[in-house]
Amino acid sequence: LSNGGRSPVWGVADNTYELYMEVELGHNAVFALTLCASPDEREKTIIRYDATSDTVTLDALQSSLHPDAVPECLSVEHARTSATVCLRVFVDRSVVETFLDKRT
């Protein structure tokens, strides 16, 4: 993708899947991956990597419109060893697991 580019992943018919990506990030880059988005994007979960602080964030503040849902936003630092970050994401219905470079 180019700067500011978007690319929907088509063909994912189920809400159980695995994604593997290698993302090359410049020093001040921010990368965001939107998961489990409703057609109107009122519900969505976002994984964001900020290269300025080397922080990965799982933003579930808009993951559900259900009144009993507990919105969360969790961040953790990730010590990059190169310009490329390997991202492996497992989605299993309402569970999202994210691994960076097999360490974080």
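The structure is a predicted model, in which local features need pLDDT of at least 70 and side-chain atom pairs count only at pLDDT 80 or more, whereas totals for chains, interfaces and linings use all residues. Residues are numbered from 1 along each chain as its sequence is written, and side-chain values use heavy atoms, with hydrogens and water left out.

The protein has seven strands and zero helices, where strands (E, at least two residues) and helices (H or I, at least four) are DSSP runs numbered from the N terminus. Of its 104 residues, 24% count as buried, that is, under 20% relative accessible area with a 1.4 Å probe and protein chains only.

One cavity of 30 Å³ or more is present, a cavity being a set of points on a 1 Å grid over the protein atoms alone where a 1.4 Å probe fits but cannot get out. The largest cavity holds about 50 Å³ of space, the volume being the space filled by probe spheres set on the points. Its lining, made of residues with an atom within 4 Å of a point, includes Val 23, Phe 31, Arg 48 and Leu 100. By class, this lining has nine nonpolar residues, one charged residue and no polar ones; Val, Leu, Ile, Phe and Tyr are among the nonpolar types, and Arg is among the charged. Strands β3 (45–50) and β6 (84–92) each supply at least two lining residues, and β3 gives the most, with three.

Key:
1 Å grid on protein atoms, 1.4 Å probe; cavity = no way out; pocket = protein on both sides within 12 Å on 5 of 7 lines; lining within 4 Å. Buried < 20%, exposed > 50% of the residue type's maximum accessible area, 1.4 Å probe, protein only.
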